[in-house]
Amino acid sequence: MPIMNVNTLELFSRSPEQTRRVGMRLGGLLQSGDLVCLQGDLGAGKTTLVQGLAQGWGSLDDVSSPTFMLVNIYRRPDANCLFHLDSYRIESIPEAEELDLDNMLMQGPLVVEWPERLKAILPAANLWIQLTYMAEEHRSMLFSASGEHHLHLLADFRRTVIGAV
Ligand SMILES: Nc1ncnc2c1ncn2[C@@H]1O[C@H](COP(=O)(O)OP(=O)(O)OP(=O)(O)O)[C@@H](O)[C@H]1O
Ligand SMILES: [Mg+2]
């Protein structure tokens, strides 16, 4: 579990359940305005991680790939929302602009799959997670934060998962 520097953290998962547990730890820290970008190939584990994120954040809703809707909204009993955007099928930047990401971020955390497709319009301040397939049930997750707020989020997450700063 190498700690590369204060802006990055690499974790390894050996099962979908472990990936969900990592997501739960991070989900418990998420607040409105937090942007979490999940980059990784098909089947890398992005949606699996979101299942943990939503559960840790406090939603009881089922998490699925936003196939028809582009954006899934998960609700919490206190009526807060977590937004889950899958950019895989977004065909143009104007189409993405219509989604009004800033408005979502004012209302809750936003998690984006295939964020590299939206780089032109995504806020530069974010927590970026690169998921990589290593072997059948083995994935690496490289977390990197940009901007002071998300650096604090990463520091809190690091404390939560490995107990060190
Ligand atoms: N350690 C692991 N972490 C996450 N998923 C794993 C792991 N090991 C095996 N898997 C499997 O890999 C698949 C990951 O699928 P998932 O839908 O999360 O990927 P994705 O990155 O969202 O893909 P897509 O780009 O198609 O949306 C699932 O079938 C899951 O069970
Ligand atoms: Mg997915």
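A residue counts as buried when its relative accessible area is under 20%, as exposed when that area is over 50%, and as partly exposed in between (1.4 Å probe, protein chains only). L101 is buried on this scale, with a relative accessible area of 7%. The structure is a predicted model in which local features need pLDDT of at least 70 and side-chain atom pairs count only at pLDDT 80 or more, while totals for chains, interfaces and linings use all residues. Residues are numbered from 1 along each chain as its sequence is written, chains are lettered from A and ligands numbered from 1 in the order in which they are written, and side-chain values use heavy atoms, with hydrogens and water left out.

**Ligand 1**

- The shell around ligand 1 has 18 residues, and T19, G43, K46, T47 and T48 come nearest; near means that a heavy atom of the residue lies within 4 Å.
- By type, the shell divides into 4 nonpolar, 7 polar and 7 charged residues. Here Ala, Val, Leu, Ile, Met, Phe, Trp, Tyr, Cys and Pro count as nonpolar, Asp, Glu, Lys and Arg as charged, and the others, Gly among them, as polar.
- Polar contacts are pairs of N or O atoms within 3.5 Å; within protein, one atom must be able to donate a hydrogen and the other to accept it, and residues adjacent in sequence count only if both atoms are side-chain atoms.
- The side chain of R139 places an N or O atom 3.0 Å from an oxygen atom of ligand 1.
- A nitrogen atom of ligand 1 lies 3.2 Å from a backbone N or O atom of S15.
- For W114, an N or O atom of the side chain is 3.3 Å from an oxygen atom of ligand 1.
- The protein buries 75% of the 640 Å² that ligand 1 exposes when taken alone; these accessible areas come from the Shrake-Rupley method with a 1.4 Å probe, and for residues only the protein chains shown count as cover.
- Helices (H or I, at least four residues) and strands (E, at least two) are DSSP runs, numbered from the N terminus.
- Helix α2 supplies the largest share of the shell around ligand 1, 3 residues.

**Magnesium ion (ligand 2)**

- Which protein atoms are donors of the magnesium ion? They are OG1 of T47 and OE of E113, lying 2.1 to 2.2 Å from the ion.
- Donors are N, O and S atoms within 2.8 Å of the metal (3.2 Å for Na, K and Ca); water is not among the atoms, so sites may look incomplete.
- The pair links distant parts of the chain, since T47 is in helix α2 and E113 in strand β5 (residues 110-113), 66 residues apart.
- T47 counts as buried because its relative accessibility is 15%.
- E113 is also buried, with a relative accessible area of 3%.

**Positive phi angles**

- Most residues other than glycine have a negative phi.
- A79 has a positive phi, near 80°, and lies in the loop between β3 (71-75) and β4 (81-86). At 58% relative accessibility, A79 is exposed.
- W114 has a positive phi near 55° and sits in the loop between β5 and β6 (126-135). With a relative accessible area of 11%, W114 is buried.

**Other residues and their contacts**

Contact means heavy atoms within 4.5 Å.

- H150 belongs to helix α5 (residues 148-162) and is buried at 3% relative accessibility. Its side chain reaches the backbone nitrogen of L35 at 3.0 Å.
- Not counting residues up to four places away in sequence, H150 touches G33, D34, L35, A125, N126, L127 and A145.
- P115 is in the loop between β5 and β6 and is buried, at 0% relative accessibility.
- Leaving out residues up to four places away in sequence, P115 touches C37, L38, Q39, L122 and W128. The C-alpha atoms of P115 and S87 are 6.6 Å apart, although 28 residues separate them along the chain.
- L101 is in helix α4 (residues 101-107). Beyond residues up to four places away in sequence, L101 touches L85, L110, I121 and L122.
- From L101 to L122 the C-alpha distance is 8.0 Å, across 21 residues of the chain.
- G58 lies in the loop between α2 and β3 and is partly exposed, with a relative accessible area of 26%.
- G58 touches R76 and P77, not counting residues up to four places away in sequence.
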